[in-house]
Amino acid sequence: MNTTLDRFTLCRDCAAEYADPMDRRFHAEPLACEVCGPALSWHDGRQRIGGNAQALVAAVAALRDGQIVAVRVSVAIIFCAMRATSVAWRA
Ligand SMILES: [Zn+2]
């Protein structure tokens, strides 16, 4: 591949789609799948959880518990929180 993303190894299926001019994913740089795509892990100061599904379940549970979750990607950190559906407020 002739791209700055060539250090990310594609799986066999994604590599075939990337190289096929008749495929809708031909030379699509954000190409990835659950086999060769990003790997999630969960870290909360008490535990580390590997595996995409397990890490995602832990993140959703934290969000549902009212916590703020920081998602770190290669060059940025994204903060996530769930919007409250009802708020009890007293001054
Ligand atoms: Zn793939």
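**Exercise 1. Find the helix that holds Val 60, and decide whether Val 60 is buried, partly exposed or exposed.**

Step 1. Val 60 sits in helix 2, residues 52-64. Helices here are DSSP runs of H or I with at least four residues, and strands are E runs of at least two, numbered from the N terminus.

Step 2. The relative accessible area of Val 60 is 32%. Buried means under 20%, exposed over 50%, and partly exposed in between (1.4 Å probe, protein chains only). So Val 60 is partly exposed.

This is a predicted model: local features need pLDDT of at least 70, side-chain atom pairs count only at pLDDT 80 or more, and totals for chains, interfaces and linings use all residues. Residues are numbered from 1 along each chain, and side-chain values use heavy atoms, without hydrogens or water.

**Exercise 2. Describe the site of the zinc ion.**

Step 1. List the protein donors: the SG atoms of Cys 11, Cys 14, Cys 33 and Cys 36, 2.3 to 2.4 Å from the zinc ion. Donors are N, O and S atoms within 2.8 Å of the metal (3.2 Å for Na, K and Ca).

Step 2. Check the angles. They run from 104 to 117° among the four donor atoms, so the site is tetrahedral.

Step 3. Read the spacing in sequence: C-x2-C-x18-C-x2-C. Cys 11, before helix 1 (12-19), and Cys 36, in the loop between helix 1 and strand 1 (41-43), are 25 residues apart.

Step 4. Check burial. Cys 11 is buried at 14% relative accessible area. Cys 36 is buried too, at 19%.

Terms used. Four donors count as tetrahedral if all angles lie between 85 and 135 degrees; four count as square planar and six as octahedral if opposite donors are over 155 degrees apart and all others between 65 and 115; anything else is irregular.
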